[in-house]
Amino acid sequence: MFIRNTWYVAAEPQELDSGPLGRTILSTPIVLFRTESGQVSALENRCPHRMVPLSLGKVVGEHIQCGYHGAQFDAQGSFKLVPGQTSLPNVCVRSFPTVVKHGYIWIWMGDPEQATDLSSIPDFMYRGDHPEWDGGYGHFESIQAAYSLINDNLFDITHAEYVHPGSFGGEEMRIYRRSEPGIDFIDQKMTYDIQEREITFRLRSLGMEHGGPFYRWMVSTGMGVEHYSGKVDLDMRVDWGAPSFTSFLLNARPHGEQADRGVQVCNMHAITPETEASSHYFYRSVKNYGGQELVGPFIQGVRAIFEQDKPILEAQQKNIGTQGIAAMRPVSFAGDLLFQKARAINEALLEAEQALAPAVTL
Amino acid sequence: MFIRNTWYVAAEPQELDSGPLGRTILSTPIVLFRTESGQVSALENRCPHRMVPLSLGKVVGEHIQCGYHGAQFDAQGSFKLVPGQTSLPNVCVRSFPTVVKHGYIWIWMGDPEQATDLSSIPDFMYRGDHPEWDGGYGHFESIQAAYSLINDNLFDITHAEYVHPGSFGGEEMRIYRRSEPGIDFIDQKMTYDIQEREITFRLRSLGMEHGGPFYRWMVSTGMGVEHYSGKVDLDMRVDWGAPSFTSFLLNARPHGEQADRGVQVCNMHAITPETEASSHYFYRSVKNYGGQELVGPFIQGVRAIFEQDKPILEAQQKNIGTQGIAAMRPVSFAGDLLFQKARAINEALLEAEQALAPAVTL
Amino acid sequence: MFIRNTWYVAAEPQELDSGPLGRTILSTPIVLFRTESGQVSALENRCPHRMVPLSLGKVVGEHIQCGYHGAQFDAQGSFKLVPGQTSLPNVCVRSFPTVVKHGYIWIWMGDPEQATDLSSIPDFMYRGDHPEWDGGYGHFESIQAAYSLINDNLFDITHAEYVHPGSFGGEEMRIYRRSEPGIDFIDQKMTYDIQEREITFRLRSLGMEHGGPFYRWMVSTGMGVEHYSGKVDLDMRVDWGAPSFTSFLLNARPHGEQADRGVQVCNMHAITPETEASSHYFYRSVKNYGGQELVGPFIQGVRAIFEQDKPILEAQQKNIGTQGIAAMRPVSFAGDLLFQKARAINEALLEAEQALAPAVTL
């Protein structure tokens, strides 16, 4: 069961530069393409003639052409040409609403009537097209783990101390377990704020002598030095939005410096379910300092970090199987507070959607 | 459900030169072998002792020897030797009728009583052993697509314009959609003739300035020139026979030349179901001109062309799944006429067979 | 259905030297580890928090630490630490009795109350820690064949003439079919003795001019010559113990030499079911002569020999599928006597266990 009446990231814009792209989303094979005039479209990836994926075809002007017998469809999935015949079949390839926003192509897999509401695209995913920030994209296709497990992973930073000790995970991660409601940055505390479909938490650690090496590296690169060896001040703001968006805004500076003079990095993550037990994971890393030469290391860094999570997530999914983790009655730790809140929000969204209309089946 | 009371290609003759060959046919594991005296045999690929595939053993004189404990069976599947014991089990490995004809080893998977009727082996598959034609063999093992989808593909040449523009597919393919019943070659027309279990169509295109590059290449190689740049005349005769045989007889010549002075190539294709959703594809390319040095390019060409079809067919099968394409209510194009006739012939054969006897189960 | 109230080989001791080891045993994911003080432990390979395999973590002192959130468990599976919280969950990871004996780590997958009985660990598996014998270990992980098929294979030496003619399998293997009850070595005969859960057979072949090349090689290496070309005397004692242990004790010497002056090699084999249709195969080869330089060739030899069995066993399993070989009503050969006795012993053990308690399900 998927939440359908919400926007998911379908693709990075440049993925459509070389023609149609096939990708399974919410267990549905989708073809994404951009027409000559720039219109982005998502259709079911199946020509109604012989069921061949349209992603094996090509874009011809404003149409997509099936690679098998040359039939053409417009961006809404209507037949526009069947080679050698004048009448056109009166059927449509199912189409899905898309929108380009905040640097991604988004898709709506639910009731098309409701797709006009863009509010489920979180504003904290904005920095990709912000003039004062630059950075890059990356993604992992078909991670063999349910989107909810990746969601837990990204949002629950306590794992970083054990999985990512060489980058994000220092002892400052333990602050995550000293939480209280609030919207302020408080040294050695984590404050959190829960909204209808968003959760934000803030974590501050001043005067760090050790800690995650990544934060020290931010300060060093920000100062243009090989290695800054003094104490570090860190602010971390994490925004999560239902069903599967997480943004980490990091601010690091030499100890005692004003927060507004810190260098900032924002890592944004979007998970799109491929099937009930596999996912596409899109990420971006943007920064407000340094030149273009820093983009590569940042993006490769996010990739390398997820390469550490991937075997854990896939082994976790394999242990869980098809039943879902709740059926296994997992033990809770104190640090689970926020990802459990996030799961509760997603479950409520799913229930509300199911109550209104039975599951859309394809 | 398979048509069983018919002959299928089981193997190319030379495939048995190096010993027993295991191949799944109609979902049944089969071992094919040739005894010392040259008798070809097909048995269920399973020793009745410990169920090890007999294809892991070897031919010993007139017998096949299991590779595990050395039991020997004759070409009819009877025990002939159990090492170290004098009495032999009174059971038989199931055997299947085989025949060598028109350059292939054929197998009969249905009622053995009816196997004496060789009429389902189409005569248009003859050219492999014709003295005035020479050529070569090739095959693809275990294509992940139902035999019927490959059948459609081979028989429906309209796809060549989109899938094979560099070889068979030029604008002359569009003639296929201008069809009328008949048995004559008519310029810019396709005539077709439907018999009980065969369909033939003829297509003529005179004075081609462009068109599929393969036809021009035939003319060039026939004239012994690097590149013939004049107009080309083409006759194409396609014979299809149930359940899954297709022969393309091509005649190409410089424009205005008599048809009987054209050079001819015949590409023959036989599909043998491996399972309900996978197939073995056997092909031959023979020609009546040129020397042995032309055989390689022809055979490699047929292979390269099917390499273009393979990803389409396998993606098509994946989109269809186990239900069969009819259950998905596909849209029909005008160009589907003949492969739908072919499908109807196969369905009638299957129904007739089912009516006479319930499905043979193994 | 597995026999559970018995000891299986879980691992070679040195496999735990580099940290926790994940291995599926009787369809249950298990983590094996050795604590700093040397205690060996087997737990279900699943942290009860987020179901991540504990084998992805590490040993910390006397505990195993989950690699995801750092929770620690003692060797009995009790929570000992949850980072950042003082109360510990009152649940346990399921633990399994283990014992180190005769050079292996053994695991008990059945009723823990009965695990104190070590009698199912056969004494004929002893030679690994015998001061006068030296040798080495090897194993194959996840052979795609039921343990019972590998059991049959190891215990039924008639296959060696066909599968291993270059090593163990000469004409002397035929003696196996000239069997009579007894416990003596009789030239050109095989005597066998059947106990409650053990079967022993002895086979003697004196004055061999040909025969399995391995026995001649034993004599040559024992004499320190390049190639001994005289006749060979061979004694072979095979002990099988339920459910899946087989030991081959070979004694080879120049013809006419006293048996107690022959050189001896003992190859021991233990099969542990991974799933109903796959197995782990552990082997050791030890000898009572020659130096350390002979260990490598012996162990590589056993490996090479099983590489010949593996394709047969896996193809056999594939032909059988999930139904079990008995359902296919296999034909019996005279040489099947002993492995059928062994199968009967295992079936009786399983039935007795099922009668006492319904299958333990996890």
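How many residues does the contact take from chain C and from chain B? The contact takes 20 residues from chain C and 18 from chain B, where two residues are in contact if their C-beta atoms, placed from the backbone, lie within 7 Å. This is a predicted model, in which local features need pLDDT of at least 70, side-chain atom pairs count only at pLDDT 80 or more, and totals for chains, interfaces and linings use all residues. Residues are numbered from 1 along each chain as its sequence is written, while chains are lettered from A and ligands numbered from 1 in the order in which they are written.

**Confidence**
- The model scores ipTM 0.93 and pTM 0.93.
- Chain A has an average pLDDT of 94, and 98% of its residues score at least 70; pLDDT is the predictor's confidence in each residue, from 0 to 100.

- On the side of chain C that touches chain B, helix H2 (160–163) and helix H4 (295–320) of chain C each supply at least two residues. Helices (H or I, at least four residues) and strands (E, at least two) are DSSP runs, numbered from the N terminus.
- H4(C) gives the largest share of that side, 6 residues.
- That side of chain C divides into 12 nonpolar, 5 polar and 3 charged residues. Ala, Val, Leu, Ile, Met, Phe, Trp, Tyr, Cys and Pro count as nonpolar, Asp, Glu, Lys and Arg as charged, and the others, Gly among them, as polar.
- The contact of chain A with chain B takes 18 residues from chain A and 20 residues from chain B.
- The side of chain A that touches chain B has 10 nonpolar, 6 polar and 2 charged residues.

**Helix pair in chain B**
- The axes of helix H1 (residues 147–155) and helix H5 (residues 337–356) of chain B come within 9 Å and cross at roughly 145 degrees. Axes are lines fitted to C-alpha atoms, for helices over the stretch in contact, and angles run from 0 to 180 degrees between N-to-C directions.
- H1(B) contributes B:Ser148, B:Asn151, B:Asp152 and B:Phe155 to the contact, and H5(B) contributes B:Leu338, B:Phe339, B:Ala342 and B:Arg343.
- These contact residues of H1(B) and H5(B) comprise 4 nonpolar, 2 polar and 2 charged.

**C:Pro53**
- C:Pro53 lies in the loop between strand E4 (40–44) and strand E5 (58–60) of chain C.
- C:Pro53 counts as buried because it has 24 C-beta neighbours inside 10 Å; a residue is buried if 20 or more other C-beta atoms lie within 10 Å of its own, exposed if 12 or fewer, and partly exposed in between.
- Not counting residues up to four places away in sequence, C:Pro53 touches residues including A:Ala315, A:Asn319 and C:Pro29.
- C:Pro53 and C:Pro29 are 24 residues apart in sequence and 8.4 Å apart in space, C-alpha to C-alpha.
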